[in-house]
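Q: I am new to reading protein structures. Can we go through this one feature by feature?

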Amino acid sequence: MQDSAVALAKKLQSKEVSAKEVVQDLLPRLEKTNEEINAYVTLLPDEALKQAEEIDGKRARGEALGPWAGLPIGVKDLLCTEGVKTTCSSKMLENFVPPYDATVVRKIKDAGFIIMGKTNMDEFAMGSSSENSAFFTTKNPADHTRVPGGSSAGAAAASAAGIPVLNLGSDTGGSIRQPAAFCGCVGLKPTYGRVSRYGLIAFASSLDQIGPFAQTVEDCAMLMNVISGHDPMDGTSLSHPVPDYLKGLEGDLKGLKIGIPKEYFIEGLNAEVRGEVEKGIQTLESIGCETVEVSLPHTDYGIAVYYFVCTAEASSNLARYDGVVYGHRHMDATDIVDMAAKTRAEGFGDEVKRRIMLGTYVLSSGFYDAYYLKAQRVRRLIKQDFDQAFQKVDLIVTPTTPTTAFKFGDKTDDPLSMYLADVFTNSVNLAGIGGISIPCGNDSQGLPVGLQLIGPALGEEKLLKAAHHFQMAHGG
Amino acid sequence: MSRYEPVIGLEVHAELNSNSKVFCDDPNIFGEEPNSQVSPISLGLPGTLPVLNRVAFEKSLRTAVALKCEITRSTSFDRKHYYYPDLPKNYQISQDYEPLGRNGSVELHLKDGEKKTIRINNIHLEEDAGKLVHPTDPGSRKLSWVDLNRAGMPLLEIVTEPDLRNLEEMEIFMQTLRGMLRYLDVSDCKMQEGSLRFEVNLSIRPVGEETYGTKVEVKNVGSIKAALRAAKFEIIRQTEVLDSGGEVVQQTCLWDDEKGETRPMRSKEVAKDYRYFPDPDLPPVVISDTWLISVENDLPELQDAKKTRFVSQYGIPEYDAGVLVSDRALADYFEDCCSQHDSPKAFSNWIMVELLRELQNRELEIEECPLTSEYLVDLVKLVEAGTISHNIGKEVLVDVMDSGKPPSSIVDEKGLKQESDEGALLDIINQVIAENPGPAEEFGNGKDKAIGFLMGQVMKKTQGKANPGICKPLFEKILRT
């Protein structure tokens, strides 16, 4: 493992290294590794060097700089970057250059982070393997024959491979935690509303949330300090004050109550994954946590509810791609209806089209009550499950995924089996709460296993602290 | 008209006069260069999010309260989906499941003195769409331009029940509602800018029949006048269909204002299913008791109340009060005058007769009137003091409308002061008597009417400046004693 971002920042602050040296050291490694794993859609080497020089200049002149200035970071290609292509790994937005920065992008720029490039993903964040990217697949750094997970495939792979260790991704049903588990890095999905969604190209608005990837929980906490907080541009962002998550890591876990939901330790769970996670739970107990069994009775409905809600919202959010103002346009249309239809037929991949069709059906008159409204009612029950569990325990522990990383092509012919890769992560998004995946050993093939900690709404401080102490004790 | 009775319901769209658009801070200005009043949000760029404009919402709430609606205490926004190039997101943010207000009413004062209540089904806030511009010379390609300046402007939709039964009621309803919206300062209702638009839902049925006929929905109606024309066209068309033994087809039509006719929309133009669902980007707005009470308390005085007060406070006739309160700005103008000088009847006469005519001739709104309330006060004082005659006053008013100068300086500059000096007038009167012995004798013999001719001659000689109040006793003194 290379320097953590927090450790590297100390070297930058003390001028032991310059930002330019950091970028110059990273770039050849990044480019070489990226050729092997295809984590990036767009690389920004020149911009990164220029930005590094600016930061070094400021530091030399003694101008005010944030503590993290000069740290390199990768950005998932659905976060809008002013003047830099933002593709969502879709033909539809292959040449889309946003005229504005997403709020998180502005925040990391203001804090002096150096954006190394835009990372690959499943098209419009729909998928669990990067196989839905319109451009190419990203390989799992732990085994190049296997998927890195998704949809934040490039972000997870880049973090795990250290090119660089810090990355921003987004999580709608597991898109941060599942690839973090597959690649063997840390990934946090914050409470809905904790991080502004402004400039995040929407897949499912009531579920999408931006979060950090890193190799250490400490780095995730540091990045959360930078990106969290209320944004007047996002009506769903929360105005609660942001605690210092780094400082919150201090202390110990004595007396922390952790619930083990029986519904997550089921038949479909791979025995090796189960074994590693149970060892992880023992580690938690060994550092002072008390574990108790809890029940989340509506867990079984999670996947179904998730696919009603997310496809309904996606069908609406993706209606705007018609070729009129931006994005791909079919140039040989006979009229406006023909233009929109052909633009969409050419611009979207199969999985995106599948979800648009499902979502359109879910919202159609005559089906709305039976599907959408009923799904919303069950969604409330799932949230209630968590609320009740959190009256008894501080956090909940589960495996992040039922299996370790699968091979390319294993699930592409069967969308439903692909959907099940997110079976342990979906419910957290439906409940609007936070979850983090931390490396928790390897299976017999050496593939990373992820342990998921789930916290109550705005419980990031507790979540990060527990994850941090777990990582220190368990290693990996 | 005839054996049929029309049944009419309206959907009224009023562009709110907030400074910015309803879900972003683009300016809400009419008539700028195409696509100059846009931002990533109103263009619907990927990643952008709507945030509710508090001012536009408050104005909507004020209207809902004034229309006596039941207020939805947790009101929310829904997405209405249809594909059209002037709709950047291909869905419109509107309110369907939990509209701001329901079950309101508007009271109409009909011409025969009767009152009628028109029920409001619901009132809700939504965003406007942009516009398609079809170039007059598109060249070889079929081409349309998209102007998104209007996209995202705040639009208040007021939906009535089908309670209107004829064109007169329809016109009075539209005028009453327009007056209210202006009173409430929520919309300018400028027809030429399309800030008040209508959808007319109309069916006809045999007089005495209880059940409704088949409804036709007419969209794209841009003014009160057009709405009345469209309704009239449909009444005649549907009557002809029924009279010739046919059946009215339920359909959505577009109003063509130039041709003066409705035409059915092509099926492609009519969305069959809007797939409404709550917009996950916009949390519901919860209206607390305190908020609602403060809106109720801050409600401005509306027309009916103002009319009653004008009659009692200023002692002017009900008819005058009715004219003055027809427009909030006009009523304010009248009260401005009265607060400076206590001659309400004089002000009301000058406003109703002279001023409104001059405004109409010049196509000006009262807010743009060069004759400010201060100037009208000046003018009325000049007439009351006898400095100028009433007729000269009328000329001065026209002059102020043209020049924008204060009435007293116009009177000074043009030497319009009334001649009230008895000595000077006596000379002129003696001249007139000498030149017109006939009429003078008639007046001397008791024929009062003849004074009109004699005074006219005096006015001719003095360019209208002679004070009639002084001349008339002089004529009497000379000819009748």
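A: Start with the helix axis. Axes are lines fitted to C-alpha atoms, for helices over the stretch in contact, and angles run from 0 to 180 degrees between N-to-C directions. Helices (H or I, at least four residues) and strands (E, at least two) are DSSP runs, numbered from the N terminus. This is a predicted model, where local features need pLDDT of at least 70, side-chain atom pairs count only at pLDDT 80 or more, and totals for chains, interfaces and linings use all residues. Residues are numbered from 1 along each chain as its sequence is written, chains are lettered from A and ligands numbered from 1 in the order in which they are written, and side-chain values use heavy atoms, with hydrogens and water left out.

Q: At what angle do helix α11 and helix α12 of chain A pack?

A: The angle is about 105° between α11 (residues 350-363) and α12 (residues 368-392) of chain A, and their axes are 7 Å apart. Angles under 35 degrees count as roughly parallel, over 145 as roughly antiparallel, 65 to 115 as roughly perpendicular and the rest as oblique. So α11(A) is roughly perpendicular to α12(A).

Q: Which residues make that contact between α11(A) and α12(A)?

A: Contact means heavy atoms within 4.5 Å. From α11(A) come Tyr361(A), Val362(A) and Leu363(A); from α12(A) come Tyr368(A), Tyr371(A) and Tyr372(A). For classes, Ala, Val, Leu, Ile, Met, Phe, Trp, Tyr, Cys and Pro count as nonpolar, Asp, Glu, Lys and Arg as charged, and the others, Gly among them, as polar. The contact of α11(A) with α12(A) has six nonpolar, no polar and no charged residues.

Q: How do helix α4 and helix α7 of chain A pack?

A: Helix α4 (residues 103-110) and helix α7 (residues 217-227) of chain A cross at about 110°, with axes 9 Å apart. That makes α4(A) roughly perpendicular to α7(A). Here Val104(A), Lys107(A) and Ile108(A) of α4(A) meet Leu223(A), Val226(A) and Ile227(A) of α7(A). By class, this contact of α4(A) with α7(A) has five nonpolar, no polar and one charged residues.

Q: How much area is buried between chain A and chain B?

A: Buried area is the accessible area (1.4 Å probe) that two parts lose on being put together, summed over both. Between chain A and chain B it is about 2,800 Å², and carbon and sulfur atoms give 59% of that. Chain A puts 41 residues into the contact and chain B puts in 33 residues.

Q: How many salt bridges cross the interface of chain A and chain B?

A: Side chains of opposite charge can pair when their charged atoms come close. The rule for a salt bridge is a side-chain nitrogen of Lys or Arg within 4 Å of a carboxyl oxygen of Asp or Glu. It finds one across the interface of chain A and chain B. Asp281(B) and Arg197(A) form a salt bridge (3.0 Å, N to O). Asp281(B) also meets Arg79(B) in a salt bridge (3.0 Å, N to O). Asp281(B) lies in the loop between β15 (277-278) and β16 (285-286) of chain B and Arg79(B) in strand β4 (residues 78-81) of chain B, so the pair ties together parts 202 residues apart in sequence.

Q: Where are the cis peptide bonds at Ser151(A) and Pro164(A)?

A: Most residues other than glycine have a negative phi, and most peptide bonds are trans. The bond from Gly150(A) to Ser151(A) is cis, with omega near 10°. Ser151(A) sits in the loop between β3 (114-119) and α5 (153-161) of chain A. Ile163(A) and Pro164(A) are also joined by a cis peptide bond, with omega about -10°. Pro164(A) is in the loop between α5 and β4 (167-171) of chain A.
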